[in-house]
Amino acid sequence: MSDDKFFTDLTATTSLGQAASTVLARRLQSVRHYLSKAVEKPGKNPEDVHDLRVATRRATAALGVFGPLLDADLYRKARNVLRQTRRCAGSIRDLDVFLARLDTVQPNAPCAPGIYAIAGYCIARRHMCQQALVSLREDLSSTLEKVHKRLSRAHSYASARQTLGAWAQKQVPLFVSEVQQAAAGDLRRPEQLHALRVAGKHLRYAMEVFAGCYPPVWIAQLYARVGTMQEILGALNDTQMALRFVQEFTQASQHYARSFAKKCRPGCLYLRRLFAAQAKEQTKTFRQFWKTWQKENVLERIRRTVAVVA
């Protein structure tokens with residue numbers, strides 16, 4: 001399906017109701033599409049699960065943008081079903097990324113047993129997550145269809161008399177503030193970097209909704225810089241997840257099969273050292289980027305653009 005992420009057909013003068021109906025319908029349809037692909041042909045194309053996770057994030061961001069227009073119960077129901085889908089797809093995707101990473105490792109003989117054991121452990125977990133997604137499909141699809149139909153009638157709300165440009169002036173600063181709040185914390189801590197990554201995603205996906213309201217610089221420069229931050233933090237997050245999988249396997253094997261754990265120990269240590277070194281380099285890359293980001297004053301430029309154009 002054509003999954004245009006930018007709503008360039010919606011301008012600053014588009015009625016808010018029409019914009020809400022268009023955006024929410026398209027985003028939720030994308031979730032339904034990729035849910036079917038991820039379930040019907042599991043493993044054929046790992047990108048299907050990635051596309052499903054991204055689709056749920058974009059749909060959730062759209063709900064965040066237009067949430068005040070919606071009935072509270074409907075909003076909550078939509079958020080819950082998207083959260084279920086995203087978490088299930090996210091678990092699968094994290095394992096797919098880790099397994100692909102393992103496939104590039106060339107272990108020596110002492111390390112091989114541990115690395116192959118971790119791969120088997122993660123393949124089994126991946127299968128269980130896939131079965132969970134399949135079991136949820138019927139309920140998720142049914143709920144998404146109901147929500148999709150109701151949200152597509154968003155033009156009936158009285159607030160639809162506003163324009164999308166005026167709405168952007170209220171909503172975008174909220175997403176900018178979320179990033180600023182996350183950035184104000186201690187960015188040496190992994191959990192704070194995670195919070196910044198999540199806040200950046202919210203801002204990035206919201207900017208896609210308002211793409212048609214602003215000059216090309218909105219996408220070509222401002223959105224692109226937020227995207228670069230996401231890519232750097234995403235790579236670091238993948239490495240931290242890899243370390244987490246190794247640690248979980250190590251703990252499980254020590255608890256349930258200590259003699260087997262001894263055979264796996266060299267491989268586990270090798271991977272932990274490898275991923276820790278990669279995380280260190282990725283953290284350095286982020287810090288260098290962050291210095292440039294602060295000089296560029298990206299968030300303030302986003303605020304100014306929204307304030308001027310309506």
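## Helix α2

At 1.5 Å a residue, the 20 residues of α2 should span 28 Å, and the end C-alpha atoms of α2 are 28 Å apart, which agrees. The model is predicted. Helix α2 covers residues 47-66. Of its 20 residues, 16 are buried, leaving α2 mostly covered.

## Packing of α2 against α5

Helix α5 is formed by residues 164-183. Its axis and that of α2 are 9 Å apart, and the two helices pack at an angle of about 110°. Angles of 65 to 115 degrees count as roughly perpendicular, and α2 and α5 are therefore roughly perpendicular to each other. Their crossing is right-handed.

On the α2 side, the contact involves Ala61, Gly64, Val65 and Phe66. These meet Leu164, Trp167, Gln171 and Phe175 in α5. By class, the contact has six nonpolar and two polar residues, with no charged residues.

## Helix α6

Helix α6 runs over residues 190-209. From first C-alpha to last, its 20 residues reach 29 Å, close to the 28 Å expected at 1.5 Å a residue. Because 14 of the 20 residues are buried, α6 is largely enclosed by the rest of the structure.

## Gln192

Gln192 lies in α6. Its relative accessible area is 15%; buried means under 20%, so Gln192 is buried. Leaving aside residues up to four places away in sequence, Gln192 touches Gln181, Ala182, Gly185, Asp186 and Leu187.

Val209 is 17 residues from Gln192 along the chain, and the C-alpha atoms of Gln192 and Val209 are separated by 26 Å.

Conventions:
Residues numbered from 1 in each chain as written. Predicted model: local features only at pLDDT ≥ 70, side-chain atom pairs only at ≥ 80, totals over all residues. Heavy atoms only, no water. Axes fitted to C-alpha atoms, helices over the stretch in contact; angles between N-to-C directions. Helix = DSSP H or I, 4+ residues; strand = E, 2+ residues; numbered from the N terminus. Parallel < 35°, antiparallel > 145°, perpendicular 65-115°, else oblique. Left-handed = near helix turned anticlockwise from the far one by under 90°. Contact = heavy atoms within 4.5 Å. Nonpolar A, V, L, I, M, F, W, Y, C, P; charged D, E, K, R; others polar. Expected span 1.5 Å × (residues − 1). Buried < 20%, exposed > 50% of the residue type's maximum accessible area, 1.4 Å probe, protein only.
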